[in-house]
Amino acid sequence: MLDITGIEIRNYAADHKLSWITDPTNDDVSMDRNYIRHEILPLIEQRWPQVRGKLHNALAQDDALRERFEAELSPSLASAQLAPDCLDMQKLIDIDDAKLIDLLTLWLLRLRLPQPSGKLLVELARDMVSQKVGLYLSHGIEFRGHEGGLYVLRALPAFADEKPAFSIGEIAVQGGRIVNTIAKRAGFRLNDDCEFAYRQGGEKIHITHRRTLKQLFQESKIPVWLRARIPLIVCRGEIVAVAALPDWGVPMLIADGWLAPAGEKGVEISLYLDDRLGQQG
């Protein structure tokens with residue numbers, strides 16, 4: 001309806017006795033779009049009366065270019081997507097930088113995310129080719145490399161080691177929530193002395209043999225930047241369980257001797273964070 005003026009729409013509605021609701025915010029010129037519509041465009045049209053038609057033509061050309069752009073890049077994007085918010089960098093390693101930047105742009109458009117600066121995309125594309133992506137921040141989102149994947153994530157608040165009281169149910173924490181549920185023949189044995197703790201470094205847990213959390217986190221392929229956030233369950237000074245990270249495909253870890261016995265109820269603990277896009281936590 002870009003080729004139809006507001007006056008034509010109102011006249012049509014009046015002629016056909018249609019009722020409508022006027023949004024009062026449409027006249028609020030403190031908003032950029034309204035200021036342009038009410039103050040800037042009328043001035044431009046006084047000097048260049050044909051400007052509206054030219055803008056419509058430019059938008060139509062832009063739509064056509066975008067359709068061709070999507071048609072060309074969609075197969076490459078589809079083959080590289082491991083998840084809505086993750087690309088397999090290995091599958092994009094042979095794409096030239098210009099096309100890779102276009103592919104990243106399309107990926108973010110489909111996720112309805114704000115576009116980063118051109119400089120950031122150039123640097124990101126360069127790092128993707130080398131398979132070594134660090135941390136890039138832009139408009140409240142972050143790009144990170146992990147296990148060969150490029151992730152675009154919601155930025156989480158800075159982590160502070162504030163241990164909530166242990167309880168069954170849902171517990172709000174920075175950037176997400178802990179969910180403790182009672183389950184039959186699953187989870188760890190509930191003990192009155194259980195409490196939450198967070199990793200400080202050097203902790204060990206007995207699973208098959210005594211092992212460091214660092215080793216287990218590496219084996220479980222838990223992203224380095226999330227490891228400090230994962231709740232540990234401690235009973236009488238011993239780590240008996242480590243929370244699952246369902247959105248990252250990481251199961252709960254339970255120390256030897258702490259698995260709920262058959263016929264008894266146990267506790268399953270999971271950490272759901274707000275970082276993943278397109279995940280159901």
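1. Asp85 is buried, its relative accessible area being 0%; here buried means under 20% relative accessible area, exposed over 50%, and partly exposed in between (1.4 Å probe, protein chains only). The side chain of Asp85 meets that of Arg276 in a salt bridge, with 2.7 Å from N to O. A salt bridge is defined as a side-chain nitrogen of Lys or Arg within 4 Å of a carboxyl oxygen of Asp or Glu. The pair links distant parts of the chain, 191 residues apart: Asp85 is in the loop between β1 (81-83) and β2, and Arg276 is in the segment after β14 (265-273). Strands (E, at least two residues) are DSSP runs numbered from the N terminus. Arg276 is also buried, at 7% relative accessible area.

2. On provenance, this is a predicted model, in which local features need pLDDT of at least 70 and side-chain atom pairs count only at pLDDT 80 or more, while totals for chains, interfaces and linings use all residues. Residues are numbered from 1 along each chain as its sequence is written, and side-chain values use heavy atoms, with hydrogens and water left out.

3. The whole structure contains 6 salt bridges. Among them is the pair Arg211 and Glu219, with 2.5 Å from N to O; Arg211 is buried at 14% relative accessible area, whereas Glu219 is exposed at 51%. Another joins Glu170 and Arg177, whose closest N and O atoms are 3.4 Å apart. Glu170 is exposed, with a relative accessible area of 57%, and Arg177 is partly exposed, at 22%.

4. Asp88 is buried yet has no salt bridge, and the nearest side chain of opposite charge, Lys91, is 4.7 Å away. (Lys and Arg count as positive, Asp and Glu as negative; His and the chain ends are not counted.) Beyond its neighbours within four places in sequence, Asp88 is in contact (heavy atoms within 4.5 Å) with Ala80, Leu82 and Gly148.

5. Ser138 belongs to strand β3 (residues 135-138). Ser138 is buried, with a relative accessible area of 9%. Residues up to four places away in sequence aside, Ser138 touches Pro116 and Leu120.

Key
Helices (H or I, at least four residues) and strands (E, at least two) are DSSP runs, numbered from the N terminus.
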